[in-house]
Amino acid sequence: MSSRAGRLVIDQVRQILAEVTGRAELAAIPSQTPLFGPGVGLDSLAGTLLLRQVRDRFGVDVAAEDLNLDALATVATLTAFIEERTGEAEPDGPDRAPGTGGAGP
Amino acid sequence: MIKCVIWDIDNTLLSGVFLESPDQPPPADPDMVSVLAALSARGIIHAIASRNPPEAASYAAAVTGHEFAAAECGWGRKSDAIGSILGELGLASDAVAFVDDEAHERAEVSFALPDLLVLSPEDMADAVGWPAFGPAVVTPEARRRGTMYAQRRRRQAEARAFSGSREEFLRSCATAIVIAAARPQDVARLHELSARTHQFNSTGEQVSEASLSALIGSAGQRVITVRLADRFGDDGMVGGCVIDVGGGAWTVTLLMMSCRAIGRGVIDVLLAWLAGAAARDGAATLTVGCLISDRNVPLRLALAGAGFRTRQVAAVGVPSALFSTQLFSKQLSGPPPALPAWVSTPDPS
């Protein structure tokens with residue numbers, strides 16, 4: 001259950017990213033690609049839409065909890081942030097980046 | 001403050017129903033034409049949400065003699081049409097009014113979008129005198145707003161058809177950004193930006209013209225303006241900031257950018273210029289004080305993308321920082337970020 005749910009979250013995050021940027025190829029983005037880096041270049045418009053979709057679909061308000069928006073570093077960090085808050089975390093799962101989540105110490 | 005009025009067509013903008021007399025559609029409603037004119041003169045823009053074919057919107061524009069920044073014609077829910085318009089124009093629902101003669105349409109929109117001001121045509125005729133429709137200052141930028149949104153539609157249509165990168169698109173548009181020191185005659189527009197911007201506003205507070213004038217003249221303070229133009233049109237002053245430059249560090253105490261500049265790289269350029277100018281001035285750190293609110297998340301995204309960080313970290317599940325001001329800083333070691341070729345900075349920094 002948790003493993004399946006974990007994959008679902010990361011797949012949904014990728015799907016949302018592809019939708020808000022209008023770039024279908026991002027539905028297959030590697031989980032460790034920096035979202036603010038040159039490859040994706042997440043701008044404030046697409047980023048706002050991404051955060052709104054995450055809030056609507058998962059009930060997780062990243063902007064309210066993560067002042068530095070570290071959760072938006074990669075698809076993996078955003079997925080971990082969502083899973084920590086929705087109880088769908090899979091502690092040793094393959095999609096989870098170590099030491100991330102943007103929730104502070 | 002209302003920035004945009006979204007209009008129904010049948011028995012609202014027109015004195016009758018468009019599709020009921022296809023050979024000779026009804027004329028414009030004279031009362032609503034007066035309202036359109038009065039609001040346009042104050043810098044309020046207009047849009048259409050109608051259960052009609054798209055040609056009804058062109059017809060309404062022709063007979064009323066007014067430009068509509070967006071038009072959604074179809075047979076879906078009005079609240080969905082309005083949602084699309086808000087997205088296209090980059091507006092929040094509490095900055096928009098909706099006018100429709102049908103009570104059930106008004107009820108549907110009120111239920112789905114409770115922040116929106118929903119009015120009958122009769123109420124709209126009265127509402128022209130309400131404070132929500134009367135900005136204190138009307139600048140040249142405000143009066144040109146309707147035209148600028150029409151330019152924006154043409155720009156967005158070309159952007160969708162463009163196959164290259166965003167930088168290539170901005171270059172192909174002959175984008176020109178000018179970052180300059182504020183002059184005394186800029187205070188009206190700077191005040192207006194402080195009152196009207198939300199998504200890219202670091203404080204959420206209006207700044208009076210008197211305060212801005214005083215800041216322009218003070219030692220240790222710099223007031224900066226940002227102007228934007230391209231081959232689609234001249235947007236005038238779209239942003240500005242106030243910087244405390246005393247004590248070997250630069251601290252931005254106010255940063256604001258119009259939503260008409262969204263997606264055109266202006267906020268990123270301003271943050272990059274600030275980093276370079278602060279470094280040339282000998283500052284080791286550039287700091288932006290930013291109110292944490294649900295309205296200016298786009299500004300925080302721009303700060304995060306440009307490498308600014310705050311030390312304050314909220315606890316898990318506790319949005320305790322909401323409505324506090326946090327300091328987002330960037331160390332200025334290493335070479336300053338490069339500015340695109342279309343940015344000019346006429347003042348020595």
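These are my notebook entries on a few things I looked up in this predicted model.

**Confidence**

I started with the scores, since the model is predicted. I read an ipTM of 0.79 and a pTM of 0.75 for the model. For chain B I noted an average pLDDT of 91, with 96% of the residues scoring at least 70.

**Chain A**

What is chain A built from? I found four helices and zero strands. Reading from the N terminus, I wrote the order down as α-α-α-α. Chain A has 105 residues, and 41% of them come out as buried. I also checked how far its contacts reach along the sequence: of those between residues at least 6 apart, 56% join residues at least 24 apart.

**Chain B, H4 and H5**

Next I moved to a helix pair in chain B. H4(B) covers residues 78-89 and H5(B) covers residues 103-112. I got an axis separation of 8 Å and a packing angle of about 55 degrees. The crossing of H4(B) past H5(B) is right-handed. On the H4(B) side I listed B:Lys78, B:Ser79 and B:Ile82; on the H5(B) side, B:Glu105, B:Glu108, B:Val109 and B:Ala112. Sorted by class, this contact holds three nonpolar, one polar and three charged residues.

**Chain B, H10 and H11**

Which residues meet here? From H10(B) I have B:Val187, B:Ala188, B:Leu190 and B:His191, and from H11(B) B:Glu209, B:Leu212 and B:Ser213. The class count for this contact is four nonpolar, two polar and one charged.

**Chain B, Gly334**

Last, I looked up a single residue. B:Gly334 sits in the loop between strand S12 (325-331) and strand S13 (343-344) of chain B. Is B:Gly334 buried or exposed? I counted 7 C-beta neighbours inside 10 Å, and 12 or fewer is the cut-off for exposed, so B:Gly334 goes down as exposed. I also checked B:Gly334 against B:Ala279: the two are 55 residues apart in sequence, while their C-alpha atoms are 9.4 Å apart in space.

Key:
Residues numbered from 1 in each chain as written. Chains lettered and ligands numbered in written order. Predicted model: local features only at pLDDT ≥ 70, side-chain atom pairs only at ≥ 80, totals over all residues. Contact = placed C-beta atoms within 7 Å. Helix = DSSP H or I, 4+ residues; strand = E, 2+ residues; numbered from the N terminus. Nonpolar A, V, L, I, M, F, W, Y, C, P; charged D, E, K, R; others polar. pLDDT = per-residue confidence, 0-100. Buried ≥ 20, exposed ≤ 12 C-beta atoms within 10 Å, placed from the backbone. Axes fitted to C-alpha atoms, helices over the stretch in contact; angles between N-to-C directions. Left-handed = near helix turned anticlockwise from the far one by under 90°.
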